[in-house]
Amino acid sequence: MRRLANNLPFWGLLPAWALMGFALILPILIIAAVSVATRGSHGGFTWDFNPAGYAQILFNEGWSGELEFTPQYLIIIGRTFLLAGATTALCLIFALPVAWYISRQTPGMRAILVYLVTLPFWVSMILRVYAWMIILGKDGPLPRFLETFGLAPGTSFMFNDGATLVAMVYTCMPLMVLPIYASIEKLDLTLIEASHDLHGNRFTTFRRVILPLTAPGIVSGAILVFVPALGAVLEPVLMGGGKQMMMGSLIQLQFGGGRNWPFGAAIAMVLMGLVMLFLIVTALRAARRTAGMEARA
Amino acid sequence: MKTLLSASALALITATATGTAAQAEGNLNLYVWADSINPELIATFSKEYDVKVNVDSYTSNEDLLTKLQAGSSGYDLSTPSQHFLRVMIDEGLIENYGANKLEAFNNIEEKWRNQWWDETQEYSIPIAYGTAGFAINSDLYKGPTDSMKVFFEPEGELFGKIAMLSYPDEVVGAAQLYLGVPFCSEDPDEMKRVLDLLMAQKPAVAAYSSDNIASRLGSGEVLSHFWWQGEVLKARKGGAPFAFAFPKEGLVGWIDSMVIPKGAPNQENAVKFIEFMSRPENATAQMNYYAYSSPMKVNAEDIIYTPENAPELFIEVPIEFSRTCSPAAQDLVNRVWTQLLQ
């Protein structure tokens, strides 16, 4: 009886471990294995070791028939990171004031506003993107409104990078607002008063008091937005017109029309590796900042 | 609270009861092109044979092939196009159900029997054939449509108002037809010409997308969209101002056939369904619903389409059917596509 009680944490956590193992770690191991398998002639693969998928990211047969350095996949990877970075930055700029405003309301009002922020999650993502297609599209509400200010009739704001970014920022916003709100809510207001007492102006107070204290929220918000933005498929295709590939569609293509599963798995592994690197760097920097703050205190 | 509990308990019991009833004579899981099978026929079949029919759909042959390659899909019947059907036979992904011994075989029009995609006709029974090409919004575009040059090298009002499908399969095929490059070319120089053509067309293309086509073309967001001719016919029947272009270079053709994935759980029901769909009266109802031509014997007097009201189904320009490419040729198609969208 006593033994069981001692081992309770182990047995209690077993379901969680099993779930992690089967639903998370096992699939990643399968992808890793496929990425070094040999491609089948019409898709699929055979279990023969072959690292060609990784080599293909950098080197491919050119039109002259010789193996040459091909930057096309690096361009796609770079563009994907740029889009995810821009999405994160814009979300941050918009989310900070929103989170601040919510935290300054009465508790009842706060609950309502937080509820409203999460409301879009109740609607399927594809519907939300379709809504933006209507808003920005030809004869949509936005062009119609701007026509009253002299915009040429029949203008459409669809099928460009700006349209992609609008939908990306919109779908990711709640993921940024909520963690920042959580850390602002915990902020001790007397610290801000203290800053003003010490002749800190608004900007200094924001930079030296508010920003460092809400940094954990900002960091988790940035991670929650940046990582899924890297894998975005829907917005670039529906809003951007699919004229430039992102990593998500590139991977999808290899499992479909490209019929090169090991290559698709290899790109997925590279994407995952880069995300892990990003997370480790962020974690280390956060740890150093906390350590620095403690030392100063 | 108590009411809620008993209500959900009741719902659970009802669900279980209907679940058992439906399993009486088994299931049939269809995995077919979106909106491709006449729902009235499914209802009739379901009642006649006491089979519960589940319908899942896909929008590209690639999706279907990938799913079958991944194994144990749980589907009993599917409808790949000819060039993918060939791959599925060669890769052992579908069952030999002795199609040539079925009553359905005798209902196939002579000229569609024993073709290169299934020479012995043991694996498949065809259900529909059609083409892919350029559709236009005829309210907004009044210009010429008699050559693919209009769409691949657009000038004036069409520039920036053209949309292509998001699959290399159809887009590259049409470009090859326009340039006179054979399908499945393994010659890098020829495929480089295809890439050059598509690259030159790209600034005039608004989107590469296979979703939401009717509303994009109907709203005038684009004036021309690469599409399937039966979809144009269906939308036009519904009142949309669309027309299908018949370019002199010809059109890319496809024919879909009913196959049974390897290891399908309800193969007997699948065969019953194939026989059912191939009866002339049902093939007629299917063609009237789907708005693509039927390779089966139909009751001609009951077909609602005529050359006057449905020119899409009475095509006079040459139709070139997609081929099954070698891996080398497929890689070239893929290279063209990746460089186009890099």
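My entries on chain B follow.

**Ground rules.** I'm working from a predicted model, where local features need pLDDT of at least 70, side-chain atom pairs count only at pLDDT 80 or more, and totals for chains, interfaces and linings use all residues. Residues are numbered from 1 along each chain as its sequence is written, while chains are lettered from A and ligands numbered from 1 in the order in which they are written.

**Strand β9.** I looked up β9(B), residues 251-258; strands here are DSSP runs (E, at least two residues), and helices are H or I runs of at least four, numbered from the N terminus. In β9(B), 7 of the 8 residues are buried, so the rest of the structure largely encloses this strand. Buried means 20 or more other C-beta atoms, placed from the backbone, within 10 Å of the residue's own.

**Its partners.** Strands pair if DSSP finds at least two bridges between them. I found β4(B), residues 125-137, running antiparallel to β9(B) with 7 bridges; I125(B) sits opposite M258(B). β10(B), residues 319-321, runs parallel to β9(B) with 3 bridges, and I319(B) is the bridge partner of L251(B).

**Domains.** The domain assignment, automatic or from a database, gives chain B domain 1 (24-127 + 254-302) and domain 2 (130-253 + 314-340). I noted 15 residues of domain 1 in contact with 12 of domain 2, contact being C-beta atoms, placed from the backbone, within 7 Å. On the domain 1 side, α3 (61-70), α4 (82-90) and β9 each supply at least two residues. α4(B) gives the most to that side, with 4 residues.

How values were computed
Buried ≥ 20, exposed ≤ 12 C-beta atoms within 10 Å, placed from the backbone. Contact = placed C-beta atoms within 7 Å.
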